[in-house]
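I took up charged pairs, then a sheet, then a helix beside it.

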Amino acid sequence: MREITYLEAVREAISQEMRANEDVFMLGEDIGVYGGAFGVSRGMIEEFGPERIRNTPISEAAISGTAVGAALTGMRPILELQFSDFITIAMDNLVNQAAKIRYMYGGKGSVPLVVRTPSGSGTGAAAQHSQSLEAWMAHVPGLKVVQPSSAADAKGLLKAAIDDPNPVIFYEHKLLYKTSEHVPEEPYSIPLGKADVKREGKDVTIVATAIMVHRALEAAEKLAADGIEVEVIDPRTLVPLDTETIIDSVKKTGRVVIAHEAVKRGGFGGEIAATIAESDAFDFLDAPIRRLGAEAVPIPYNPTLEKATVPSVESIVEAVKHTLPASFKKGRELHA
């Protein structure tokens, strides 16, 4: 059984889609001979040529505008933004054009483009290259937002994103590029809007995204040693959001911690918390909902400060324990 990295899974998904459909092409800065900022497109120009692996000027506004225009003509562009921070420069084309066109023209036009972009901290890239701005995109009607946490999910979700008739923002966490796992070689699709239960448990639900899925799973291992059985839910897509899987889990455990890397204030965790509070899962809660997110500061360059800014395994463990009754010693007591 072969294992490939998250980065290789992304490359494989794009290559398979480009072989299957001549309308699919990539555009972005240094994606040709150089292979992209993180090497995702390395080697692809040799197979597909410069017409389909198109280097662009350093202008996210120009790249996104070109992608919107190409999509309107029936092409399926995959736009690579070197760092997700620079989506701010592409905002007008994505928010005011791509997201609106299908609605404004009564479905007579659509913009089937995918914006792939690395996000998150942990690489020492500092304040302008380490942000997690996915909540901004999730706020905009007309945009779909994907955050895969594993190589297998990245491949299946990227195919679904490319096949989708709507604009999709596809966030790839930089720290996940070198992680690896078994990924099927043949093309496959994971539906957008279907969460994955990464670990089953009965005491506390953790809803985590991107790199936080891995920290939540590590926290769950530590908590298991104390008899606390944690269920870890990875939404995989913020828009559409699989509320049913989240709510069913909370109704089972009665306790929930939400963890994401973006700044806690205004982060997507607030949307998940509100969704739970507005559902019939509210009546099953045995403790207040707890959210974990980054401090409201720019991501520091200093590695110690950078690490301290975002949620850690230890802070997730602590948050889970805060949801438990003071008398709790072993997991069995919750259900005695």
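Is Arg19 buried or exposed? I looked this up in the model, which is a predicted one. Arg19 is exposed, with a relative accessible area of 52%, which places it over the 50% cut-off.

Entry 1, the partner of Arg19. I found that Arg19 forms a salt bridge with Glu47, with the closest N and O atoms 2.7 Å apart. Arg19 belongs to helix 1 (residues 6–20) and Glu47 to helix 2 (residues 44–48), so the pair ties together parts that are 28 residues apart in sequence. Glu47 is partly exposed, at a relative accessible area of 44%.

I noted a count of 19 salt bridges. One of them joins Glu51 to Arg54, where the closest N and O atoms are 3.2 Å apart. Glu51 is exposed, with a relative accessible area of 59%, whereas Arg54 counts as partly exposed at 35%.

I then turned to Glu231 and Lys252, whose side chains meet in a salt bridge of 2.5 Å, N to O. Glu231 lies in strand 11 and Lys252 in helix 9, so this pair ties together parts that are 21 residues apart in sequence. Glu231 counts as buried at 4% relative accessibility, while Lys252 is partly exposed at 43%. I also recorded one network, in which salt bridges that share partners join Asp153, Asp196, Lys198 and Arg236.

I traced an open sheet of 5 strands in the order 9-11-10-13-14, with mixed pairing. Strand 9 and strand 14 (290–294) are its edge strands, each pairing on one side only. From one strand to the next, the twist averages 25 degrees. Helix 10 packs on the sheet and touches strand 10, strand 13 and strand 14. The direction of helix 10 makes about 155 degrees with that of strand 13.

Within the sheet, I checked strand 10 and strand 11, which run parallel and are joined by 4 bridges. Val207 stands opposite Ile233 in strand 11.

Which residues of helix 9 are buried? For this helix (residues 243–253) I listed Thr245, Ile246, Ile247, Ser249, Val250 and Thr253. These buried residues pack against strand 9 (196–199), strand 10 (204–208), strand 11 (230–234), strand 13 (256–263) and helix 10 (268–278). Just after helix 9, I noted that Gly254 takes a positive phi of about 80 degrees.

Definitions and conventions. Residues are numbered from 1 along each chain as its sequence is written. This is a predicted model: local features need pLDDT of at least 70, side-chain atom pairs count only at pLDDT 80 or more; totals for chains, interfaces and linings use all residues. Side-chain values use heavy atoms; hydrogens and water are left out. Buried means under 20% relative accessible area, exposed over 50%, partly exposed in between (1.4 Å probe, protein chains only). Helices (H or I, at least four residues) and strands (E, at least two) are DSSP runs, numbered from the N terminus. Contact means heavy atoms within 4.5 Å. Two strands pair if DSSP finds at least two bridges between them. Axes are lines fitted to C-alpha atoms, for helices over the stretch in contact, and angles run from 0 to 180 degrees between N-to-C directions. A salt bridge is a side-chain nitrogen of Lys or Arg within 4 Å of a carboxyl oxygen of Asp or Glu.
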